[in-house]
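Subject: Structure handover

Hello,

Here is the structure we spoke about, for you to look through. My notes on what was found in it follow below.

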Amino acid sequence: MHNLFIFLHKSAGLYRRGSHVFVCFVDYSKAFDKVSYWKLFGQLMDDGVNSYIVLLLAYWYSYQQASVIWMNTQSSVFMAGNGTKQGGVLSPYLFSRYIRLLLYKICVSKIGCHIGGMAVNVFAHADDVVLLAASWHGMQDLFAILSGCCKCLDLECNVRKTKCVVVNPISVDKTVRRSFPVLV
């Protein structure tokens, strides 16, 4: 993520203009386990994904079985519960589809760092989400959108692992404040 800071400051022009950049690395509590795959399958159908593919995924996820092997002893087979398989090939794609509403609402808010007339406010891959804002208030507004969408999606942010940082302007005379209130 260090490269993200370099990109934002140098190539995006924020470096030259001297803007603060507020960055939040969001961590979800057991993100892959909390996905309601029935909501996900409904979203896939609404998106026009071939119904046979959605039916295949529904069957696959409804009849997941697992067993545990420990010290050369295997447990009996049991049904696996809700969620997407962490480490599975489809999981990043499916999770990104699952949080599509969240990503959409953040994007259309136009709150963020404006680069070439376009608001850049969220980067996402699988369960890794990074929020960007040019002000403390902007980040608070992005948190409000995130919070509302997480409730709809039955997701929880892990506040212990979610990290926020402020990248200060290179020019000291363009610094708005030396410290900011805690983001909530």
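A helix here is a DSSP run of type H or I with at least four residues, numbered from the N terminus. Please keep in mind that this is a predicted model.

Helix H6 and Arg-97

By that definition, residues 91–98 form helix H6, and Arg-97 sits in this helix. Is Arg-97 buried or exposed? Buried means under 20% relative accessible area. Arg-97 has a relative accessible area of 18%, so Arg-97 counts as buried. Setting aside residues up to four places away in sequence, Arg-97 touches Leu-40, Gln-43, Leu-44, Asp-47 and Val-49.

Some of these contacts belong to the packing of two helices. Two packed helices are described by the angle between their axes and the distance between the axes. For H4 and H6, the axes come within 9 Å and cross at roughly 80 degrees. H4 is therefore roughly perpendicular to H6. On the H4 side, the residues are Lys-39, Leu-40, Gln-43 and Leu-44, and they meet Leu-94, Arg-97 and Tyr-98 of H6. By type, the residues of this contact are 4 nonpolar, 1 polar and 2 charged.

The sheet

What is the order of the strands in the open sheet? The sheet has 4 strands in the order E8-E9-E1-E10, with antiparallel pairing. Strand E8 (122–125) and strand E10 (163–167) are the edge strands, and each of them pairs on one side only. Direction ignored, neighbouring strands are turned against each other by 15 degrees on average.

In general, strands of a sheet pair through backbone hydrogen bonds, either parallel or antiparallel. Here E1 and E9 pair in the antiparallel sense over 5 bridges. Cys-24 has Leu-131 in E9 as its bridge partner, and Phe-25 has Val-130 in E9. E8 and E9 are also antiparallel, and they pair over 4 bridges. One of the bridge partners in E9 is Val-129, which faces Ala-124 in this sense of pairing. E8 and E9 form a hairpin with 2 residues between the strands, and in this hairpin Ala-126 takes a positive phi near 55 degrees.

Why is E9 largely enclosed by the rest of the structure? The reason is that 5 of the 6 residues of E9 are buried.

The nonpolar cores

The largest nonpolar core has 37 residues. Tyr-28, Phe-41, Ile-99, Leu-102 and Leu-131 are the residues with the most contacts inside this core. At least two core residues each come from strand E1 (21–26), helix H3 (31–34), helix H4 (37–46), helix H5 (51–62), H6, helix H7 (100–108), strand E9 (128–133) and helix H8 (136–153). H8 gives the largest share, with 9 residues. Another core lies apart from this one and has 9 residues, among them Phe-25, Ile-115, Leu-132 and Val-167.

When you look at Leu-102, leave aside its neighbours within four places in sequence. Leu-102 is then in contact with Tyr-28, Leu-146, Cys-149, Cys-150 and Leu-153.

Best regards

Methods:
Residues numbered from 1 in each chain as written. Predicted model: local features only at pLDDT ≥ 70, side-chain atom pairs only at ≥ 80, totals over all residues. Heavy atoms only, no water. Buried < 20%, exposed > 50% of the residue type's maximum accessible area, 1.4 Å probe, protein only. Contact = heavy atoms within 4.5 Å. Core = buried A, V, L, I, M, F, W, Y, C linked by side-chain atoms within 4.5 Å. Axes fitted to C-alpha atoms, helices over the stretch in contact; angles between N-to-C directions. Parallel < 35°, antiparallel > 145°, perpendicular 65-115°, else oblique. Nonpolar A, V, L, I, M, F, W, Y, C, P; charged D, E, K, R; others polar. Pairing = 2+ DSSP bridges.
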